Amino acid sequence: MAPGDHRVAVDRPVAVLANPTAGRGRHRRLLPEVLDRLSAGGRPVRVLDAYTRGQAEAACREAVADGAAALVAVGGDGTVHVALQAVAGTRVPFGAVPAGTGNDFAVETGFPADPLTAVDTIAAALRDGRSRPVDLARITTATGEHRWFGAVLAAGFDAIVNERANRMRWPRGPRRYDLAILVELARLRPRRYTLRLDGETHELDAALVAVGNCASYGGGMRICPDADPTDGLLDIVVGGRFNRRMLIREKPNIYHGTHIHHPLVRSYRAHTVEIAAPDITTYADGERCLPLPITITATPSALHLLR
């Protein structure tokens, strides 16, 4: 048996977490086909019953504790983020079916971008008992609370915009996020951060701070373009004292990863990252996460992927 192979009793089910609203519902009709193709992996398939993020996370944890053969997330990065909280640090293998608006973790870790092709890849890995290890990042607060993320954690302007959008009750849909960007651009000011990277302290003013286990977030924005989820390290990208005009002009470059050449951008690499700044709640894998200060630790081979 090759390293990373995962063998459990053949009657153990594959647990499936499906988000019917992922990708604004455009993949909703795929679920029956996804389940049929997963069954080709030779194991029973069970869809987890959950209607809220809290219920989904609890259902994933229960399925793993009950001995699921694997956990498969059908959705985008938010769905993956919920599932990771249950499988991180275990030997239960994980599959990601990219069916959301942002599928950065799935694509960056080698799953096919087409949902049904990704399902076939997962089913083949299940049938062969094959998995591949990748790293995750573990976040810890001063009180000991912790969460995991797979792609990127935002602790700067993007996190502030998300927090603003989540407080707004109008308008609904994508326009709410667009309005939040306009509001926060008008209020833009660099904030004072303390970063400790493997024990080395950096005091700096910044508008953007991102920590990447993978290269991209937000549906293909390569904020940490050199991040590698198998190298045991985290990539840290800091955008300094950007003003509104500079930030707007630079944002398209993030999709290509060329923003790191801007003179106000600094890149670092570390195993452990401590971040402190006032009044910022972080967003990881696009999901609301923990407030600063936090410590982030690269955890090698914390996840075993069905691919």
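Glu 57 counts as buried, at 13% relative accessibility; buried means under 20% relative accessible area, exposed means over 50%, and partly exposed lies in between (1.4 Å probe, protein chains only). This residue lies in helix α2. Helices (H or I, at least four residues) and strands (E, at least two) are DSSP runs, numbered from the N terminus. Leaving out residues up to four places away in sequence, Glu 57 touches Val 82, Gln 85 and Arg 147, where contact means heavy atoms within 4.5 Å.

The model is predicted: local features need pLDDT of at least 70 and side-chain atom pairs count only at pLDDT 80 or more, while totals for chains, interfaces and linings use all residues. Residues are numbered from 1 along each chain as its sequence is written, and side-chain values use heavy atoms, with hydrogens and water left out.

## Salt bridges

A salt bridge is a side-chain nitrogen of Lys or Arg within 4 Å of a carboxyl oxygen of Asp or Glu. By this rule the count comes to 14 salt bridges.

| Glu 287 | Arg 53 | 3.0 Å |

The salt bridge of Glu 287 with Arg 53 links distant parts of the chain: Glu 287 is in strand β15 (residues 287-291) and Arg 53 is in helix α2 (residues 53-65), 234 residues apart. Glu 287 is partly exposed, with a relative accessible area of 22%, and Arg 53 is partly exposed at 32%.

Glu 57 and Arg 61 both lie in helix α2, 4 residues apart, which is about one turn of the helix. Arg 61 is partly exposed, with a relative accessible area of 42%, whereas Glu 57 is buried at 13%.

Asp 235 is buried, with a relative accessible area of 6%, and Arg 269 is partly exposed at 45%.

Glu 33, Arg 37 and Asp 120 are linked in a network of salt bridges.

## Helix packing

Two packed helices are described by the angle between their axes and the distance between the axes. Axes are lines fitted to C-alpha atoms, for helices over the stretch in contact, and angles run from 0 to 180 degrees between N-to-C directions.

The axes of α2 and helix α3 (residues 77-87) come within 8 Å and cross at roughly 35°. The crossing of α2 and α3 is right-handed; a crossing is right-handed if the near helix is turned clockwise from the far one by less than a right angle, and left-handed if anticlockwise. On the α2 side the contact has Arg 53, Ala 56, Glu 57, Cys 60, Arg 61 and Val 64, and these meet His 81, Val 82, Ala 83, Gln 85, Ala 86 and Val 87 in α3. The residues of this contact divide into 7 nonpolar, 2 polar and 3 charged. Here Ala, Val, Leu, Ile, Met, Phe, Trp, Tyr, Cys and Pro count as nonpolar, Asp, Glu, Lys and Arg as charged, and the others, Gly among them, as polar.

Helix α1 (residues 31-39) packs with helix α5 (residues 115-128) at an angle of about 25°, with the axes 8 Å apart. That makes α1 roughly parallel to α5, since angles under 35 degrees count as roughly parallel, over 145 as roughly antiparallel, 65 to 115 as roughly perpendicular and the rest as oblique. The crossing of α1 and α5 is right-handed. Glu 33, Val 34, Arg 37 and Leu 38 of α1 make the contact with Leu 116, Val 119, Asp 120, Ile 122, Ala 123 and Leu 126 of α5. Those residues divide into 7 nonpolar, no polar and 3 charged.

Helix α6 is largely enclosed by the rest of the structure, because 8 of its 11 residues are buried. Among the buried residues of α6 are Phe 157, Asp 158 and Arg 164. Pro 171 lies in the loop between α6 (157-167) and α7 (174-186) and is buried, at 5% relative accessibility.

## Backbone features

The peptide bond from Leu 292 to Pro 293 is cis, with omega near 5°. Pro 293 is in the loop between β15 and β16 (294-305).
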